[in-house]
Amino acid sequence: MNTRQRILARIESKTHLGPDAQVDDRYVVMSPARPELTDPFLVLSEDWFSSPGFEWHPHRGVETVTLVVDGVLEHGDSAGNSGALATGDVQWMTAGHGIIHRELAFRDERAHTLQLWVNLPADRKLTGPRYQDLLAGQRPVIERDGTRIDVISGRVGELSGPAVNEWPISGAILTLEPGRRLDHLLPGRDRAFLYVLSGRASIAGHAVEAGQIAWSDPVPQALVSSIAVEARGEIPVVVMAYSGEPIGEPVAVGGPFVMNTQDEIAQAFRDFHRGDFGDVPRQARLQYR
């Protein structure tokens, strides 16, 4: 099999936005300002919140992928799903034609999350909504020689992650002990990003610090590609690694909605206010135990 070694297109540092009415602190790791450079990904937000968090709000046209970095995330949606996710768990939600949900810190204590928005092609934007709990203790893991690959979505070697996608996405959490190296396999057609959560890494030969995101563009000549990740420094490196094939369609973003045109964004707001997403749930908070 022809496996091509990937190179980096750019390295960017997250932007500090600070507290607002919803969160105690916020960084933007990826913004939708230049969607042609991040396609099929749109947003990666890192948030710390206690109260109020993210009360009931709608989405359409995207999938949201939320990693609980620390704390406990309480969630609920208009499809009747609810529960609590702990450190390492992932919430994969397909908004499709429309869903209303909320994300809160359990007991109004502190939660630290990373939320990724994955775009959908035009013919899948109005699919039915779906929610998936991808619990840390139930995901497949590859461990060897001081490295660990926690597979969330897509295929790594003989293992496949549990996520069901509307658009094919590979996603994993990589952990490397100091001095260890890993050649992480990705489909050649994919655009990839690697966000360093902790430690100091060398990615494709470039130094990438915690809080920085490294981008690698598609390698269309290869069915399979690999990207070299090495742990530098004295503590383990933890990296969020995702990839997906660019969709190559126009992107229109309007608040919580992502469509192909501004007319479709306006229609999404009309549909929401008309009640087409369903009623805002009257769901009680999870009880303390």
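Predicted model: local features only at pLDDT ≥ 70, side-chain atom pairs only at ≥ 80, totals over all residues.
In the classes used here, Ala, Val, Leu, Ile, Met, Phe, Trp, Tyr, Cys and Pro count as nonpolar, Asp, Glu, Lys and Arg as charged, and the others, Gly among them, as polar. By these classes, the lining of the second largest pocket comprises eight nonpolar, three polar and three charged residues.

The protein contains 27 strands and two helices. Its C-alpha atoms occupy a box of roughly 55 × 45 × 35 Å along the principal axes. The radius of gyration is 19 Å, which agrees with the value near 19 Å that a compact globule of 289 residues would have. Of the 289 residues, 53% count as buried. When contacts between residues at least 6 apart in sequence are considered, 74% join residues at least 24 apart.

The largest nonpolar core has 25 residues, and the members that touch the most others are Phe41, Leu44, Leu116, Phe193 and Tyr242. Strand 12, covering residues 111-119, makes the greatest contribution to this core, with three residues. Apart from this core lies another, made up of 23 residues, including Val196, Ile227, Ala231 and Ala241. With residues up to four places away in sequence left out, Tyr242 touches Phe41, Val65, Trp92, Leu116, Ile152, Ile169, Ser170, Gly171, Ala172, Arg191, Ala192 and Phe193.

The largest pocket has a volume of about 370 Å³. Its lining consists of 22 residues, and those nearest the centre of the pocket are Arg26, Ser45, Phe54, Gln115 and Trp117. Two or more lining residues are given by each of strand 4 (25-30), strand 5 (41-49), strand 6 (54-59) and strand 12. Among these elements, strand 5 gives the most, with five residues. The lining of the largest pocket divides into 11 nonpolar, eight polar and three charged residues.

The second largest pocket holds about 250 Å³ of space. It is lined by 14 residues, of which Arg155, Val156, Ser170, Leu186 and Pro187 are closest to its centre. Strand 16, strand 18 and strand 19 each supply two or more residues to this lining. The largest share, three residues, comes from strand 19.

A search of the whole structure for cavities of 30 Å³ or more finds one. About 40 Å³ of space lies in the largest cavity. The residues that line it are Ser153, Arg155, Val156, Ser170, Gly171, Ala172, His184, Leu185, Leu186, Ala241 and Tyr242. Strand 16 (155-156), strand 18 (169-176), strand 19 (181-187) and strand 25 (237-244) are the elements that give two or more residues to the lining of this cavity. By class, the cavity lining has six nonpolar residues, four polar residues and one charged residue.

How values were computed
Residues numbered from 1 in each chain as written. Heavy atoms only, no water. 1 Å grid on protein atoms, 1.4 Å probe; cavity = no way out; pocket = protein on both sides within 12 Å on 5 of 7 lines; lining within 4 Å. Points joined across faces, edges and corners; volume = space filled by probe spheres on them. Helix = DSSP H or I, 4+ residues; strand = E, 2+ residues; numbered from the N terminus. Core = buried A, V, L, I, M, F, W, Y, C linked by side-chain atoms within 4.5 Å. Buried < 20%, exposed > 50% of the residue type's maximum accessible area, 1.4 Å probe, protein only. Contact = heavy atoms within 4.5 Å. Rg over C-alpha atoms; globule rule 2.2 N^0.38 Å.
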